[in-house]
Amino acid sequence: MPQNRWCFAMITPIDPLAPTTEPPRASAGGGDDRGGRGGTLIAPRTRTQSRRPSLYRVLLLNDDYTPMEFVVHVLERFFGKSIEEATEIMLHVHHNGVGECGIYTYEIAETKVTLVMDFARQNKHPLQCVMEKK
C-alpha cells in the first residue's frame, strides 16, 4: 500500500567527485543530504532567562520569658553571628519587638525557622521565629 508523503524540497544526492563552486545546502523538507527520506529537524534556539529566587527575611519575635543569653546563643549557633552582632540583634528585638536575623532563599529560611523553633522548644523557651517575603 503506497503512502502519500508531502515533499517541500527536492533532494538530490551529492556526488563527492563532482566539482562544485558552492557548498551543498541543507534541505528544508526534513530529508538528509544523502537522499534518504528521514531527517532531523532543527529547532530554533531560544534563550531562557533565569530568575533570581525570592528572598525571605528570618525574624525573631520578642517575648517576656526567653533569656537574652539564650537569644544571643541562637543567633550565634543558627545564623553564624559574632557575639557583638548577636547582642546587637538581641537588643533590637528586645526594644522593638522584632529583629531580622538574616535574608535567605525560601528553603534555607524555612529550615532555619524550624531549627530555631525546635531548639527553643527543647529548651522550654517560648521564643518565636518567623519568616516573611522580602
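These legends walk through close-up views of a predicted model of one protein chain.

**View 1. The whole chain, end to end.**
Start with the parts list: this chain has 3 helices and 3 strands. Going along from the N terminus, the elements come in the order β-α-α-β-α-β. The chain is 134 residues long, and 24% of them count as buried. Look at the contacts with a separation of 6 or more, and you'll find that 63% link residues 24 or more positions apart.

**View 2. Three strands side by side.**
Here the 3 strands make up an open sheet, ordered E2-E1-E3, with antiparallel pairing. From one strand to the next, the twist averages 25°. As a bit of background, strands of a sheet pair through backbone hydrogen bonds, and they can do that parallel or antiparallel.

**View 3. Zooming in on the strand pairs.**
E1 and E2 run antiparallel and are joined by 7 bridges. Pick out Leu55 and you'll see its bridge partner in E2, Thr105. Next, find Tyr56, which stands opposite Tyr104 of E2. E1 is also joined to E3, this time by 6 bridges, and that pair runs antiparallel too. On that side, Arg57 stands opposite Glu132 of E3. Another element to look for is helix H3, which lies across E1, E2 and E3 and runs at about 165° to E3.

**View 4. Inside the nonpolar core.**
The largest nonpolar core brings together 24 residues. Val58, Leu60, Val74, Leu75, Phe79, Val116 and Leu127 are the ones with the most contacts inside this core. Two or more residues each come from strand E1 (55–61), helix H1 (68–79), helix H2 (83–96), strand E2 (98–105) and helix H3 (106–122). H1 gives the largest share, 7 residues.

**View 5. Leu60 and its neighbours.**
Which residues does Leu60 touch, leaving aside those up to four places away in sequence? Among them are Val71, Leu75, Val93 and Val98. Cys101, Val116, Leu127 and Cys129 are also on the list, and so are Gly97, Gly99 and Gln128.

**View 6. Helix H1 and what covers it.**
H1 is 12 residues long and spans 16 Å from its first C-alpha to its last, close to the 16 Å expected at 1.5 Å a residue. Its buried residues are Phe70, Val71, Val72, Val74, Leu75, Phe78 and Phe79. Just after H1 comes Gly80, with a positive phi of about 65°.

**View 7. Lys124 in its loop.**
Where does Lys124 lie? You'll find Lys124 in the loop between H3 and E3. Is Lys124 buried or exposed? Its relative accessibility is 73%, so Lys124 counts as exposed, since the exposed class starts over 50%. Lys124 also has a positive phi of about 60°, although it is not a glycine. For context, most residues other than glycine have a negative phi.

Methods: Residues are numbered from 1 along each chain as its sequence is written. This is a predicted model: local features need pLDDT of at least 70, side-chain atom pairs count only at pLDDT 80 or more; totals for chains, interfaces and linings use all residues. Side-chain values use heavy atoms; hydrogens and water are left out. A nonpolar core is a set of buried Ala, Val, Leu, Ile, Met, Phe, Trp, Tyr and Cys residues joined through side-chain atoms within 4.5 Å. Buried means under 20% relative accessible area, exposed over 50%, partly exposed in between (1.4 Å probe, protein chains only). Helices (H or I, at least four residues) and strands (E, at least two) are DSSP runs, numbered from the N terminus. Contact means heavy atoms within 4.5 Å. The expected span of a helix is 1.5 Å times one less than its number of residues. Two strands pair if DSSP finds at least two bridges between them. Axes are lines fitted to C-alpha atoms, for helices over the stretch in contact, and angles run from 0 to 180 degrees between N-to-C directions.
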